[in-house]
Amino acid sequence: MRPTAKFSISFGLVTIPVAAYNATDTSASVSFVRIHTADGGRVRNQPVCSLEGVEVSPDEIGRGYRPHDADVVVPLSDEDLDALPLPTAKTLTILAFVAGGDIDPLQMGKGYYLATDSPAAAKPYVLLREAMERHERVGLGKIALHGRETLAMIRPMGDALVMQVLLWPHQIRPMDGVLPEREVEVHPNEVAAAETLMDSFGELSEEDLHDHYREALDELVSAKLAHREPEFDTGEEQPSGGQVMDLMAALQDSVRAAKRSRGEDEGDEGRAAAKRPAKTSTASGTKTGTKSGTKSGAKTASGAATKSAAKKSTAAQSATKKTAAKTTAKKKTAGRGSRRAG
């Protein structure tokens, strides 16, 4: 792996020469090429001069900058750009140390592994990494990469330092037109049910971090080349995307589905569901169904978090009484049958 840039981290009066390596590989993602649908030929982007209408060779292509308040393009040479007073061209000066949670994830861009670029850099490199790790802080500074100055965040990751390129605050768009148009009221029992569902999700698995779309695309291409039908592993049936009318019922069903997917015992959940009032509708939108689902959902959500062992004992006693009653009824029925037979 070759470094994409070399510069120094300025930490007060301490200078750390580093080399930056790409931490991500976008070539592994799915990408398509443009083709002419009539014959399958590749459609490429040809650099054409807008004034002459002719193709331009790479050695004739330069840089130009168009000011925001003018409809003109100003040519800029490499010498012009090198003459700019840019102290961040070769040095990342740390300006502040902040908590990692203070960084808006929307600002985070490409990541780079930072390696020491000289034997003398090893000790200050480790010192900065351990100090940030113990202090639970990340460093913020500015650096010029590929001819542009950008914000950057330095943070420890394992035994290494990682640099994350950040967008400028003005590059984050406002949320106009994103929020709901009307005010929405969420009841505490609905929040409790949602929290119960969040707790039921568990940890991510290796299967969750797998690119199934890429595999399916490879199978589709292989099938086309072999003139056969593709064979897809559909896996589990995905839930429908219909409108949810009974929110509490949907939350409860989601909790049960999550437990089933992990193979957890649903005996307690089934007994609790048997005691709850029956819902008239889970998705019909009627007032009766909504109220019934809301009440039973509130009990289920709050009970999942607060019910004590005493209630479990009561449920067990109730189940024992029901079993005994059924046994007695059977004996009586059998006795009557014997007397009739005699």
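1. Surface. The accessible surface of the chain is about 26100 Å². Carbon and sulfur atoms account for 55% of that area. The model is a predicted one. The chain has 342 residues, and 21% of them count as buried.

2. Fold content. Eight helices and nine strands make up the secondary structure of the chain. Take the contacts between residues at least 6 apart in sequence: 59% of these join residues at least 24 apart.

3. Salt bridges, overall. How many salt bridges does a search of the whole structure find? The count is five. Three of them are taken up in the next points, starting with Lys6 and Asp117.

4. Lys6 and Asp117. These two form a salt bridge, with the closest N and O atoms 3.6 Å apart. Lys6 lies in strand 1, while Asp117 lies in the loop between strand 6 (108–116) and helix 2, so the pair ties together parts that are 111 residues apart in sequence. Asp117 is partly exposed, at 35% relative accessibility.

5. Arg129 and Glu130. Here the side chains meet in a salt bridge, at 3.5 Å from N to O. The partners fall in separate accessibility classes. Arg129 is buried, because its relative accessibility is 10% and the cut-off is under 20%. Glu130 is partly exposed, at 40%.

6. Arg228 and Glu219. The closest N and O atoms of this salt bridge are 2.8 Å apart. Glu219 has a relative accessible area of 19% and counts as buried. That value is to be read against a limit of under 20%. Arg228 is partly exposed, at 37% relative accessibility.

7. Glu190. This residue deserves a look. Glu190 sits in helix 3 (residues 188–200). Is Glu190 buried or exposed? Glu190 is buried, yet it has no salt bridge. The nearest side chain of opposite charge is Arg182, and that is 11 Å away. A salt bridge needs the nitrogen and the carboxyl oxygen within 4 Å. What does Glu190 touch, leaving aside neighbours within four places in sequence? Its contacts are Glu185, Leu247, Met248 and Leu251. Glu185 is itself an acidic residue, as Asp and Glu count as negative.

8. Asp208 is partly exposed, with a relative accessible area of 47%. Residues qualify for a patch at over 30%, so Asp208 passes on that count.

9. Nonpolar patch. Tyr65, Val72, Val74, Leu76, Leu81, Leu84 and Leu86 form it. Together they have about 550 Å² of accessible area. Leu86 lies in the loop between helix 1 (78–82) and strand 5 (91–98). At 33% relative accessibility, Leu86 is partly exposed. The patch requires over 30%, so Leu86 qualifies on area.

10. Backbone at Glu136. Most residues other than glycine have a negative phi. Glu136 has a positive one, near 55 degrees. Where is Glu136 found? Its place is the loop between helix 2 (122–135) and strand 7 (138–145). Glu136 is exposed, with a relative accessible area of 61%.

11. Backbone at His227. Phi of His227 is also positive for a residue other than glycine, near 55 degrees. His227 lies in the loop between helix 4 and helix 5 (247–261). Its relative accessibility is 77%, so His227 counts as exposed.

12. Chain start. Met1 is in the segment before strand 1 (5–11). Is Met1 buried or exposed? Met1 counts as exposed, at 73% relative accessibility. Which residues does Met1 touch, not counting those up to four places away in sequence? They are Tyr21 and Asn22. From Met1 to Asn22 is 21 residues in sequence and 8.6 Å in space, C-alpha to C-alpha.

Key. Residues are numbered from 1 along each chain as its sequence is written. This is a predicted model: local features need pLDDT of at least 70, side-chain atom pairs count only at pLDDT 80 or more; totals for chains, interfaces and linings use all residues. Side-chain values use heavy atoms; hydrogens and water are left out. Helices (H or I, at least four residues) and strands (E, at least two) are DSSP runs, numbered from the N terminus. Buried means under 20% relative accessible area, exposed over 50%, partly exposed in between (1.4 Å probe, protein chains only). Contact means heavy atoms within 4.5 Å. Accessible areas come from the Shrake-Rupley method with a 1.4 Å probe; for residues, only the protein chains shown count as cover. Patches are made of residues with over 30% relative accessible area and no salt bridge: like charges are joined within 9 Å, nonpolar side chains (Val, Leu, Ile, Met, Phe, Trp, Tyr) within 5 Å.
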